[in-house]
Amino acid sequence: MAEQTQVLRIKRQETPDSEPYYEEFEIPYLANHNVISMLMEIRRNPVTRQGKRVAPVVFDANCLEEVCGSCTMVINGRVRQACSQLAEGLNGPATIEPMTKFQVVRDLWVDRSKMFAALMKAHAWIPIDGTYDLGPGPRIAPHVQEFAYLFSRCMTCGCCLEACPQVNSHSKFMGAAVIGQVLLMSQHPTGKMNLDERLDAMMSEGGIADCGNAQNCVEVCPKEIPLTTAIGAVGRQTSIKWLRDLFMK
Ligand code: SF4
Ligand code: SF4
């Protein structure tokens with residue numbers, strides 16, 4: 001019986017500025033394996049279907065359990081984590097491409113640093129006075145903890161930016177993930193103290209006013225984070241702040 005195989009059509013790009021191209025690889029079908037282990041198999045023996053030896057495919061991956069977000073790619077047209085895409089779900093030849101809303105570093109590896117820059121701009125952390133024992137923190141009601149937990153699962157993967165029509169080369173829109181983190185940090189009593197700084201970032205260029213409310217982000221988020229709830233809530237907070245600033249002048 002002929003050996004079952006898996007064909008992977010991979011979009012490749014040698015440098016951030018070079019032209020992309022596709023190469024096809026055929027490897028033994030590996031039941032229960034994920035796309036990362038298939039890419040590792042190709043890296044072990046980088047020979048195309050046409051028998052040409054090529055440079056190993058470059059990709060990013062870390063935790064391999066859909067927590068770090070680093071292996072996010074476009075697989076058969078859908079943005080997702082490669083570590084949780086199993087061979088069984090591919091149903092035949094698969095096209096693997098890098099995300100399009102981020103600069104390609106090489107092959108499937110993209111530079112997601114603009115998301116981290118947005119988190120810094122939005123002050124998406126809670127300041128502490130030091131690393132010594134500060135004693136018990138403020139008490140937080142269980143329903144607030146549960147609500148905050150939903151947003152704490154963000155792994156900065158970039159799926160929401162990839163799916164968002166407002167994130168493009170003509171816009172500086174920071175995307176939905178950072179809006180979710182602004183809402184998260186403001187749930188904590190200490191974090192609330194920096195709410196104004198976060199809202200200032202949300203009211204600046206690339207902030208919440210650039211959201212077109214197409215809601216693609218919430219459809220693709222692998223952690224099912226209620227991003228449109230965050231967009232609505234932060235939108236209301238910025239409107240109130242805008243009025244307050246107006247009357248405080
Ligand atoms: S609601 Fe639409 S425009 Fe706004 S962040 Fe989500 S996908 Fe982008
Ligand atoms: S909000 Fe969801 S899709 Fe966006 S970066 Fe976070 S985990 Fe990824």
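Colleague: Which exposed residues does the face of α3 turned away from its buried side carry?

Modeller: This is a predicted model, and in it V144, A148 and F151 of α3 are buried. They cover an arc of only 50° around the axis, so they lie on the same side of α3. The face turned away from that buried side carries the exposed residues P142, H143, E146 and Y149.

Colleague: On α6, what arc do the buried residues cover around the axis?

Modeller: The buried residues of α6 are L195, R198, L199, A201 and M202. Their cover includes α2, α5 and α8. They are on the same side of α6, because the arc they cover is only 155°.

Colleague: Which element gives the most residues to the largest nonpolar core?

Modeller: That core has 44 residues, and C160, V178, I179, M202, L227 and V234 touch the most other members. Two or more residues come from each of α2 (113-121), α3 (142-152), α4 (159-163), α5 (176-185), α6 (195-202), α7 (216-220) and α8 (227-248). With eight residues, the element that gives the most is α5.

Colleague: Leaving aside neighbours within four places in sequence, which residues is M202 in contact with?

Modeller: M202 is one of the buried residues of α6, and it is among the core members that touch the most others. With neighbours within four places in sequence left aside, its contacts are A122, M174, V178, I179, V182, G207, I208, A209, V234 and T238.

Colleague: How many residues are in the second, separate core?

Modeller: Nonpolar side chains tend to be buried together in soluble globular proteins. Members of the second core include V35, I42, C83 and L90. The number of residues in this separate core is 22.

Colleague: Is Q81 buried or exposed?

Modeller: Q81 lies in strand β4 (residues 78-81). Leaving aside neighbours within four places in sequence, Q81 is in contact with E66, C71, T72, M155, C157, C159 and P222. The cut-off for buried is under 20% relative accessible area. Q81 has 1% relative accessibility, so it counts as buried.

Colleague: How many polar residues does the shell around ligand 1 have?

Modeller: Around ligand 1 are C164, Q166, F173, A176, C211, G212, N213, A214, Q215, N216, C217 and I231. Seven of the shell residues are nonpolar and no charged ones are present, and the polar ones number five.

Colleague: Phi of Q215 is a positive value; what is it near?

Modeller: Most residues other than glycine have a negative phi. Q215 lies in the loop between α6 and α7 and is partly exposed, with a relative accessible area of 38%. Its phi is near 65°.

Methods: Residues are numbered from 1 along each chain as its sequence is written. Chains are lettered from A and ligands numbered from 1 in the order in which they are written. This is a predicted model: local features need pLDDT of at least 70, side-chain atom pairs count only at pLDDT 80 or more; totals for chains, interfaces and linings use all residues. Side-chain values use heavy atoms; hydrogens and water are left out. A nonpolar core is a set of buried Ala, Val, Leu, Ile, Met, Phe, Trp, Tyr and Cys residues joined through side-chain atoms within 4.5 Å. Buried means under 20% relative accessible area, exposed over 50%, partly exposed in between (1.4 Å probe, protein chains only). Helices (H or I, at least four residues) and strands (E, at least two) are DSSP runs, numbered from the N terminus. Contact means heavy atoms within 4.5 Å. The arc is that of the directions from the helix axis to the C-beta atoms. A residue is near a molecule or strand if one of its heavy atoms lies within 4 Å of it. Ala, Val, Leu, Ile, Met, Phe, Trp, Tyr, Cys and Pro count as nonpolar, Asp, Glu, Lys and Arg as charged, and the others, Gly among them, as polar.
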